[in-house]
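Reader: I am new to this structure. Please take me through the terms, one by one.
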Amino acid sequence: MKNSLSLPAMMLAVLAACAAPAATAENATDIPTISVAADQVKARISPILYGLMTEEINYALEGGLYGELLRNRSFKGEGGFTYVNEDPVYWSALGGGIISLDSQQPLNNALNQSLLLDAASASDSHPVGVANAGYWGIPATAHTSYTASFYARSDKVGGPIMVALTNSTGAVITSATVTGVSDTWKKFDVKLTTGALTASKDNLFTLTTTQPGKLWLQQVSLFGPTYNDRANGNRRDLMKMLADLKPAFLRFPGGNYLEGETFGQRFDWKKTVGATETRPGHRSPWNYWSSDGLGLLEYLQWCEDLKMEPVLAVFAGYALNGEHVSSPEELAPYIQDALDEIEYVSGDVTTKWGAERAKDGHAAPFALRYVEVGNEDTFDRSGSYDKRFSAFYKAIKDKYPQLQLISTMSADSTPSQRPDMVDEHTYAWGEAQMYDHINDYDNRPRTAPKVFVGEWATHDGWPMPTMKAALADAAYLTGLERNSDVVLMSAYAPLLANVSQVGGKSRDTSMQWAINLIGYDALTSFGTPSYYVQKMFSETKGDVVLPSTGANIPQWTINDKTVPSLYWVVTRKDDNRHIQIKLVNRAAKPQPLHVVLSGLKSVASKGTLTELRTDDPDAVNSIDAPNRVVPRTETISGLSRDFTRVLPAYSVTVIDFASH
Ligand code: AHR
């Protein structure tokens, strides 16, 4: 059924209603038109098209998602420009104490250096202690319970130790006292509960003693409330933001973080499981120390919490500095490590590594379908990936024929073994570049291996993406959805960034890579415009793509190239036959758009419209202005098999309505 207004009359009405100036008196027959063949299906959309990718970069996990609030809890963090572990970095002495690292009588071989506090001058009236300022602050919110724990030993038996959170004036916000410290290591756990206060991050964690003597400390830890109240769990606000993206999978643990700069820095999964105090931690290629408190099992629990399926990336015998192995003998231990890792994830408790997982607290195996071999081996300078991929593929498939193995190079580059899927990364350095990628998969031979776009983003803005970037992201996603019979999975990268201290070359910067999906400091977090585009697309993902063609599609010129300023994809849900029309208007002016749906009896006249728009394409969200660019949803009417709407300037719009 047509709209009751004639098209030219309606055009006048919508143009009049449009606040923006000069939507020129275009002839109705010239306005952009999308014709949708709703009785046909172009492609089925992968149920797992939208997921997450993570690695330890930008203090994404430590100082980010992982709930540990203290920095360098195990005293293995490094200082200086040469990355030496000579001082207890990020810890300071209070009340005239002297602190140093001490390797005598360590807690264990993994945490083999402790913090030694020389509290010789301590007295009842003059406490001496240590303090930690967290990752650019420690959050304190009202009426909140914090869990502090630490290992301690001392040369004087007894000795009360006061554990506290203090605010920027030095006043104690909350405290607890422990006794029973002796000359052997012992673990102490205390709850710190705040009362009424104004939320802030300018707080210190302190441990003080009034007894003169020496005190050794190890794994000094503080957690706030965690998602699902998991012990050793994740920060709530960030988990909630991730949950809102409705991600189908999590690719982990990298990224470069999987490979390391050298073999010694790789994600050596066996060192990331078991009791956290038995994990040695490691330096990452992004130049900071990881305690590995968020290790293999915690990645899997994160998947469990958000109902994501794991996409497990295994180290494949290549580090970023070019160090590699490729002969069968040299590869054997790394292949065995990968097989063990797969068994830890998915083996039942009768298997060696499944039993280890059960011992670590998770008896049920995790469902695993996808294993990725290495990371970005397009950049493999050794030319060894073909051999390495084949060897991993054969060994893994022999034992786990049901697994889908993902190559990190094109299928042409691994001639010895066709991968089940290829991971292709699309970072567009500037929005203009992204507009070159919109049609990347339109002509991909359907016989080629399926694609996982495992990392992608439009770089525009600094340090976080602008609305311009988000518009190009949305245009790119229309291309992925349209081709989702080929592109089965996609993940924006990087996912998380601590924006507390950006810029500078200092090792202390909180962000190694600009343009990320979600930003935060110790207290609050925000989604970027790109985050909201992801959310809008993921929330409204259909099951099939309906074929559509465009006419009179407007163009614009960027960097001397002329490209469309209007992008779209039309999809439908199987169960309720709702149609989703996703539209991107990159133009600086409102854009009238005519939509014609054929092959349908009728469509509901009312629908839901979700819109992300700004007047300023350079607009960003930030800690101080987290909601400058956020979508809004409204019920709209006037839909039919032939309708016209005006898309605002710089906007991403999703219209969802029932069809029959
Ligand atoms: O996402 C940041 C980095 O980009 C990843 O670690 C790497 O895979 C890619 O080069």
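**Terms and values**

Author: Start with an open sheet of five strands, in the order β4-β7-β12-β9-β10, with antiparallel pairing. The model is predicted: local features need pLDDT of at least 70, side-chain atom pairs count only at pLDDT 80 or more, and totals for chains, interfaces and linings use all residues. Residues are numbered from 1 along each chain as its sequence is written, and side-chain values use heavy atoms, with hydrogens and water left out.

Reader: Why are β4 and β10 said to stand at the edges?

Author: β4 (91-94) and β10 (172-178) each have a single partner strand, so one side of each is left without a neighbour in the sheet. The twist averages 20 degrees from one strand to the next. Axes here are lines fitted to C-alpha atoms, with angles from 0 to 180 degrees between N-to-C directions.

Reader: What makes β9 and β10 a pair?

Author: Two strands pair if DSSP finds at least two bridges between them. Strand β9 (residues 161-166) and β10 have six bridges, in the antiparallel sense, so they pair by that rule. Ile161 stands opposite Val178 in β10.

Reader: What is counted as a helix or a strand?

Author: Both are DSSP runs, numbered from the N terminus: helices are H or I, at least four residues, and strands are E, at least two. The protein has 11 helices and 36 strands. Helix α6 (residues 328-346) has 19 residues.

Reader: Why is Val314 called buried?

Author: Buried means under 20% relative accessible area (exposed is over 50%, partly exposed in between; 1.4 Å probe, protein chains only). Val314 has 1%, so Val314 is buried. Val314 lies in strand β17. Across the protein, buried residues make up 61% of the 660 residues.

Reader: Which residues does Val314 contact, leaving aside neighbours within four places in sequence?

Author: Contact means heavy atoms within 4.5 Å. The partners of Val314 include Ala338, Glu341, Gly374 and Phe392. Ala338 and Glu341 are among the buried residues of α6. Val314 and Gly374 are 60 residues apart in sequence, yet 5.8 Å apart in space, C-alpha to C-alpha.

Technical notes: Expected span 1.5 Å × (residues − 1).
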